[in-house]
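Trainee: I am new to this structure. Could you take me through it step by step?

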Amino acid sequence: MTDAPIRLHGLGKRFGPVTVLRDINLDIHPGEVLGILGENGAGKSTLLKLISGVYQPSVGQIEIDGRRYDRLDPIRARQLGIAMIPQEFNLVPTLSVYENVYLGQELRRKGWLNHKQMREETARVLASLDCDLDPRAPIAALSVAEKQMVEVARVLVNDARVVILDEPTTVLTDREVEVLFKVVRALQKRGVAVLFISHKLKEVKNLCQRLLILRDGSPVELCDTANLDEEAMARKMVGRELSQVYPDKGQPQTEVALSVAGLSVAGQIDDVSFDLRRGEILGLSGLVGSGRTEIAEAIMGLRQRSAGAIHMNGKACDIRSPSDAHQQGLAYLSEDRQGRGLVMNFNLIENMTLLSLQRYVTGLISHRRERERAEHYQQAFNIRAASLKSPVGQLSGGNQQKVYLAKLLDIEPSILMLDEPTRGIDVGTKREIYRLIRQLADEGRAVLVISSELEEIIGLCDRVLVVREGRIAAELSDAQINEEDIMLYAAGARERTPAGVHS
Amino acid sequence: MTATQTFSQRLVNAVRRLPLDMTIVAPLLALIVLLIASSLASEYFLNTRNLTNILRQVSYTGIIAIGVTFVIIGGGIDLSVGSMVALVGVLLLFVLNAVGDPVLAVMVGMSAALVVGALFGLVNGLLVTRGRIAAFIATLATMSIYRSLALYLTDAGEVVSNNDIFPDIGGGYWLGIPIPVWAFFALALVGHVLLFHTPYGRHLCAVGSNEQVARYSGIRVRTVVLLSFIIAGVCVGLAAIMLSSRLNSISPSDAGVLYELDAIAAVVIGGTSLAGGRGSIWGTVIGALILGIINNMLNLLGVSPYLQGLVKGAVILIAVLMQYKRSQ
Ligand SMILES: Nc1ncnc2c1ncn2[C@@H]1O[C@H](COP(=O)(O)OP(=O)(O)OP(=O)(O)O)[C@@H](O)[C@H]1O
Ligand SMILES: [Mg+2]
């Protein structure tokens, strides 16, 4: 098999005393899309980081073009044609799009930076991605999906032979996912091997020819995707049968918990009104950039409201900052857990109690009670970490998300706004989280779920608002909650109809 | 081979089990090594008078370094502390000399020093939080302003106290240990409790680590940062009390010169990250002690005073390199 550009020989990785990956023997063939499946913390990202030189293997070797390497570093790996789009982005916020695309591989002309060519090349590559981003825009101003496009562009300007995608679709809407998949297939045709991690099994089924399934750091199976359906994948990955992902729908009460009227933020959202009832899970659907996050942040006092009134449990509230909101029992889970959600160098305990710290204070902070609480969440959510004292930055993406959820729940909010609550979470745990959300609603809390995953919106929510260009484009309930209707409203192909009447 | 491994393993585990923050283990080991080396190098080193002297010397910058630790953990820096010592000291002596009754004068003077220190810290903090000026620049400016004010108010001349009991504070002893040293350790204890056992300390670390996360978590970021500068100011006030009462005078041109650098050095040697977000008060205490002992040893060994800066610089570099290695 001379056409295997990359072979892994008994690769393994330890962090201190903990082995997180072992016995990986694998050939990666040109032109294939190889999926890597596993629960949160199974070692998927770790494997890809070994291949791309971010981490050095504790045992084993990587063979490229017949040469065996004990270790790679990111620069060497890139020279060998290995490009990675990490799960957590790696962009310099103060630099522009094109400067980031060419970071570390700047184009030069007579020793000087060739800004013009870099800009033009970036524009060309972005255009091939159907993305009309300005190469000169600063990264800090971009949305998460746009940042990802920058990461993709960065790979494309290189002649990579292996492209590594670690959960690339978690931040994209279905439409953007399609664009990405087109890119992946084009790469494949050029003989590029693609390594792909996703917790969305449908995508895996769609895109990958082969699958490597990891459980607790060990490979359990290497198989062809063609013979597997999604259920079988989930079973192999979790090691047990998974029944019914979404819980039964609930019985919202009549009492309104959160009422928003005429909410506007200059240039972002316009005249948004809705009621959220106790016991209800209300979905907020729409394209990325449609203003869903902005609505939630405006309610939290994180954005300057230009107009609008907010009532909670029938009382008018003036929420000017998140701490006002928390005091009133309103909590918000941001879509950006790295940049807005968790303090990466804090340990699990410190993160979980950051909002609720006052509850643990009797004169001084009671570290014992904090710890007990954290132990409770670790068990309840099955959070995998070396220790409760590990910095959350060392946790796998999915486990970080669980810590973030725990952080929010610890103030026992009566109203929750969850922005992409299952981002990066494996199927088994997703099911647990959906059940948890439903249970919260059944206890009489009100839950607003913002999600780019249509399936999640459809499966979980009692009622759905579709947001388009900063306005509520439609309100759907019961049978109206289906993929087609939501997409039509979200894309603007159908306009709002008078209350409940279908056109 | 395996025997030594299990021994070192056990040692590591034993150290881990101690109620210590891992970040201060390295500076602590360095301090112990330094103590042993110093006592071997010079017979005078372990002399009680010598040790007392080191502790007293260390306490002035040490007190300031504790305040600066808070600022640095919050993601800022304070370069003005050295000038602030001079200005607060001058104002303190003015107040002291203006009040007739000596006991009352000392009480009013000391309170004034702490309040004035807090006020100068407040000015720094407001420039940073409201004025949105980078802490480095803002405190570089106030460093110049505070020193200049001290010189102007005194016409660059030394201010001498005419109070009889004032010198008993900085020059006094309790249980054989100088009062400034007591103040230093008491402050360290308070600082430690504030940093690790109160919501404020936790919030400060969060702000220093990631301001956005802190904001989304409902933490009043600006207030937290402002307070860190005020804490530094109060610490400067305390240092000014100890220093001026020890000398029973203050020189506006010499007092506190380069203290900001000694303080920052102590913080860094103690393992607090200049990037903010985490740190340790005991680390800072150890850092200050290390600097003090090195100074003392160089003097005892008769090393040229011109070379002492070189040694201090080398120690800072080694400390930072060790931290960098550890974080890898
Ligand atoms: N730098 C590190 N130090 C210590 N442990 C680490 C470090 N990085 C990862 N780990 C641990 O290794 C294990 C595997 O992590 P990895 O990120 O590979 O999981 P994953 O399969 O990608 O999970 P997810 O689906 O949640 O992204 C986790 O238990 C994690 O806590
Ligand atoms: Mg991962």
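Mentor: We shall take the domains, the chain interface, the core and some loop residues in turn.

Mentor: This is a predicted model, so local features need pLDDT of at least 70, side-chain atom pairs count only at pLDDT 80 or more, and totals for chains, interfaces and linings use all residues. Residues are numbered from 1 along each chain as its sequence is written, chains are lettered from A and ligands numbered from 1 in the order in which they are written, and side-chain values use heavy atoms, with hydrogens and water left out.

Trainee: Which domains does the assignment give for chain A?

Mentor: Chain A is assigned domain 1 (6-238), domain 2 (243-329 + 413-503) and domain 3 (344-412); such bounds come from an automatic or database domain assignment.

Trainee: How many residues do domain 1 and domain 3 of chain A each bring to their contact?

Mentor: Domain 1 of chain A brings seven residues and domain 3 of chain A brings eight, where contact means heavy atoms within 4.5 Å. The C-alpha centres of these two domains lie 30 Å apart. Between them they bury about 520 Å², 38% of it on carbon and sulfur atoms; buried area is the accessible area (1.4 Å probe) that two parts lose on being put together, summed over both.

Trainee: How many salt bridges are there between domain 1 and domain 3 of chain A?

Mentor: The count is two, a salt bridge being a side-chain nitrogen of Lys or Arg within 4 Å of a carboxyl oxygen of Asp or Glu.

Trainee: Now the two chains. How many residues of each are in contact?

Mentor: On chain A there are 29 residues in contact with 21 residues of chain B. The two chains bury about 2,000 Å² between them, 58% of it on carbon and sulfur atoms. Of the area that chain A buries against chain B, A:Leu302, A:Arg340 and A:Leu354 supply 24%, more than any other three residues.

Trainee: Which residues form the one salt bridge between chain A and chain B?

Mentor: B:Arg202 pairs with A:Glu370, the closest N and O atoms being 2.7 Å apart.

Trainee: And the core: how many residues does the largest nonpolar core have?

Mentor: The largest nonpolar core has 94 residues, and B:Ile63, B:Val68 and B:Ile290 are among those with the most contacts inside it. Helix α11 (residues 221-247) of chain B gives the most to this core, with 14 residues. A nonpolar core is a set of buried Ala, Val, Leu, Ile, Met, Phe, Trp, Tyr and Cys residues joined through side-chain atoms within 4.5 Å. Buried means under 20% relative accessible area, exposed over 50%, and partly exposed in between (1.4 Å probe, protein chains only). Helices (H or I, at least four residues) and strands (E, at least two) are DSSP runs, numbered from the N terminus.

Trainee: What does B:Val68 touch?

Mentor: Leaving aside neighbours within four places in sequence, B:Val68 is in contact with B:Val81, B:Ala232, B:Ala263, B:Ile264 and B:Val267.

Trainee: Changing topic, what is the phi of A:Glu469?

Mentor: A:Glu469 has a positive phi of about 45° although it is not a glycine. Most residues other than glycine have a negative phi. A:Glu469 sits in the loop between β23 (463-468) and β24 (471-477) of chain A.

Trainee: Is A:Glu469 buried or exposed?

Mentor: A:Glu469 is exposed, because its relative accessible area is 64%.
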